[in-house]
Amino acid sequence: LRENARLHRDRIDVAKEGTEEATSLFFDALRPQSEQVIAAYWPKGKEFDPTNILETAFKKGHICALPRVCEKTRILEFIKWSPDEPLKKGAFGIMEPQGSEAISPDIIIVPLLAFDRRGYRLGQGGGYYDATLEALRAQKQVQAVGIGYASQAVLFPLPIEEHDQKLDWILTPHAITDHREE
């Protein structure tokens, strides 16, 4: 499934997908409070680019963060980020902040390869976001927002395992779906 989802995503014409629309949908639906920390990821390859959401959140006064992979654990650490923050290549070639101020996010924008109608995602397979969401949700209320292109939706239920974490929201440039009460 992952291989097919990657091939499909790599064929998507991202120029036809609008990040501004996704940004508006994100803020209109979630209505984040000023004290909430918003975390996202720095896109790699053809992953959906959430940086417009992060930059908008920063301009609105939110504290923002990007993940950092920590050795010997699958739980991501979130490092405070601002648009002028220099980035460096981290684990798996993923860009991460050079800073060291770790913060706990309230809203996490999660990358995906595919998603289903139930609010589950197919990720890269490392289990980092599932482990991180499980750990954070054990401490406090955290909203997970899967973000991708509309054509990454699958019509069948994705296989899930006990450790898989359900997303609270699925966001595409065309729609945002609330999965919190399902």
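## Largest pocket

On a 1 Å grid over the protein atoms alone, a pocket is an open set of points where a 1.4 Å probe fits, with protein on both sides within 12 Å along at least five of seven lines, and its lining residues have an atom within 4 Å of a point. In this predicted model, local features need pLDDT of at least 70 and side-chain atom pairs count only at pLDDT 80 or more, whereas totals for chains, interfaces and linings use all residues. Residues are numbered from 1 along each chain as its sequence is written, and side-chain values use heavy atoms, with hydrogens and water left out.

The lining of the largest pocket comprises 33 residues, and Arg-121, Gly-123, Gln-124, Gly-125 and Gly-126 lie nearest the centre. The space in this pocket is about 790 Å³, a volume being the space filled by probe spheres set on grid points joined across faces, edges and corners. At least two lining residues come from each of helix H1 (2-10), strand E2 (63-68), strand E8 (121-122) and helix H4 (128-137); H4 gives the most, with three. Helices (H or I, at least four residues) and strands (E, at least two) are DSSP runs, numbered from the N terminus.

## Nonpolar cores

The largest nonpolar core has 39 residues, and Phe-26, Ile-108 and Ile-109 have the most contacts inside it. Such a core is a set of buried Ala, Val, Leu, Ile, Met, Phe, Trp, Tyr and Cys residues joined through side-chain atoms within 4.5 Å. Beyond its neighbours within four places in sequence, Ile-108 is in contact (heavy atoms within 4.5 Å) with residues including Ala-39, Phe-78, Tyr-129 and Leu-133.

## Aromatic pairs

There are four aromatic pairs in the structure. Rings of Phe, Tyr and Trp (its six-membered ring) pair if their centres lie within 6.5 Å; planes under 30 degrees apart count as stacked, over 60 as edge-to-face and the rest as tilted.

Trp-42 is partly exposed at 24% relative accessible area, whereas Trp-81 is buried at 3%. Buried means under 20%, exposed over 50%, and partly exposed in between (1.4 Å probe, protein chains only).

## Positive phi

Lys-72, in the loop between E2 and E3, has a positive phi of about 65° and is exposed at 85% relative accessibility.
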